[in-house]
Amino acid sequence: MALQEAVIDKPATESAVALRDAVRRIACSDLNAQVVEIDKGLYPADTMRAFGKVGAWGTHLAPDGKADLREAIATMSIVSQTCTATGFMAWCQDTLGWYVLNTDNVELRERLLPRIASGAQLGGTGLSNPMKTFYAIEQLRLKAQRVKGGYTVRGVLPWVSNLGPDHLFGAICEVEADGQRVMFLVDCAGPGVTLKPCEPFLAMDGTGTYAVQFRDAFIPDSMVLSHDAMSYVKKVRAGFLLLQFGMAFGLIRDCIAMMREVKPALGHVNCYLPEQPEHFEEMLEKVEAEVMELAKTPYNTDIAYWRRIIELRLAGGDACVAAANAAMLHCGARGYVAAHRAQRRLREAWFVAIVTPATKQLRKMLADTAH
Ligand SMILES: Cc1cc2nc3c(=O)[nH]c(=O)nc-3n(C[C@H](O)[C@H](O)[C@H](O)COP(=O)(O)OP(=O)(O)OC[C@H]3O[C@@H](n4cnc5c(N)ncnc54)[C@H](O)[C@@H]3O)c2cc1C
């Protein structure tokens with residue numbers, strides 16, 4: 001795990017150094033011990049809570065427009081360097097916190113934000129379908145009716161992760177009468193809400209992923225994040241994408257480590273492969289530096305800022321797949337042993353490229369903003 005030490009972006013404060021050390025300790029001990037079981041389907045709730053207890057889920061939740069996402073990305077990358085499935089759950093948890101930070105519903109924010117930051121409350125985000133809707137890829141799947149004190153919602157979200165019976169997640173519905181879009185938090189134990197197990201997944205079976213069914217589920221106004229989801233999403237969308245880089249950076253760093261690990265034995269022939277660890281190190285350093293700069297100002301409304309995030313996010317997904325593919329080729333027969341992490345990394349890398357916004361959606365988003 002030598003490269004666990006080598007996070008390129010420097011922590012800004014002493015407390016950030018201490019936090020990264022604490023996260024690294026849990027990643028290299030508890031998480032590392034569970035990683036094979038997580039790959040087979042274990043949902044690591046206790047480890048997710050342990051990361052929360054040391055402060056991993058709260059660094060990006062500064063109020064009054066002062067949020068800075070750098071430490072959230074850095075700690076998520078440390079988690080992902082051991083297990084990107086858990087890195088993805090870290091993103092789900094961080095994104096839930098990001099939603100609650102940015103609501104005008106003060107009572108909801110004050111009640112839940114400290115619990116999400118500490119990991120006492122776990123949960124995620126069900127925004128894949130709305131994110132596709134905004135770019136004319138799908139129709140909204142959740143339909144609602146305004147009723148006294150809230151909304152009744154029906155429909156199905158096919159995949160929502162980092163869930164369990166006492167978890168929460170963010171979602172968006174459309175009011176049938178007037179087309180208004182409302183963003184709200186869902187209590188998985190709420191009336192009319194059912195978690196349905198999914199078919200087994202590649203790499204992501206331990207991520208607590210369920211299909212969520214809404215059967216006239218009552219969502220009280222107290223759980224509404226915004227009655228105007230469109231402007232709310234504009235506020236949180238840069239953070240949504242920027243936080244995903246934590247998964248990519250950790251995964252790429254471990255792929256570099258694998259290429260270096262086999263160098264003493266296989267370097268004399270691996271040097272003929274077109275992609276070398278130095279290539280990925282150079283690329284990682286450049287992209288990480290730029291992302292960390294962008295992550296200081298997640299409320300920037302400049303269209304050039306948003307477009308640059310989309311370009312980098314696309315490059316990040318491509319780089320994950322390339323790095324995991326290169327690690328596999330460098331490891332050779334060693335990597336083809338089922339217990340070796342090289343093949344797990346390859347499966348995890350594809351997920352970074354298909355999770356919303358997927359590679360194809362990112363390309364469409366760039367094409368749509370080109371003119
Ligand atoms: C393991 C896993 C975890 C995920 N976690 C989350 C999450 O936490 N939150 C979230 O919002 N999204 C989640 N997703 C969805 C993810 O972000 C992407 O939206 C999804 O991978 C598809 O994206 P795509 O753009 O490639 O769409 P495509 O796969 O091209 O198209 C998606 C559409 O295809 C249809 N479809 C295809 N296969 C199925 C199927 N098996 N069941 C139902 N419909 C299907 C549906 O209409 C769906 O909307 C998860 C997906 C997976 C595989």
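This is a predicted model: local features need pLDDT of at least 70, side-chain atom pairs count only at pLDDT 80 or more; totals for chains, interfaces and linings use all residues.
In the model, local features need pLDDT of at least 70 and side-chain atom pairs count only at pLDDT 80 or more, whereas totals for chains, interfaces and linings use all residues. Residues are numbered from 1 along each chain as its sequence is written.

The protein chain contains 14 helices and 8 strands, where helices (H or I, at least four residues) and strands (E, at least two) are DSSP runs numbered from the N terminus. Its radius of gyration, taken over C-alpha atoms, is 20 Å, close to the 21 Å that the globule rule (2.2 Å times the number of residues to the power 0.38) gives for 371 residues, so the chain is as compact as a globular protein of that length. Of these 371 residues, 45% are buried, a residue being buried if 20 or more other C-beta atoms, placed from the backbone, lie within 10 Å of its own.

Around the ligand there are 20 residues, of which Ser128, Trp159, Ser161, Met204 and Thr356 come nearest; a residue is near a molecule if its C-beta atom, placed from the backbone, lies within 6 Å of it. The elements that give two or more residues to this shell are β1 (123-125) and β3 (150-160), and β3 gives the most, with 3 residues. The shell divides into 10 nonpolar, 9 polar and 1 charged residues, where Ala, Val, Leu, Ile, Met, Phe, Trp, Tyr, Cys and Pro count as nonpolar, Asp, Glu, Lys and Arg as charged, and the others, Gly among them, as polar. Because domain 2 (124-229) and domain 3 (231-369) both give residues to the shell, the ligand lies between them, the domain bounds coming from an automatic or database domain assignment.

Conventions. A residue is buried if 20 or more other C-beta atoms lie within 10 Å of its own, exposed if 12 or fewer, and partly exposed in between; C-beta atoms are placed from the backbone.
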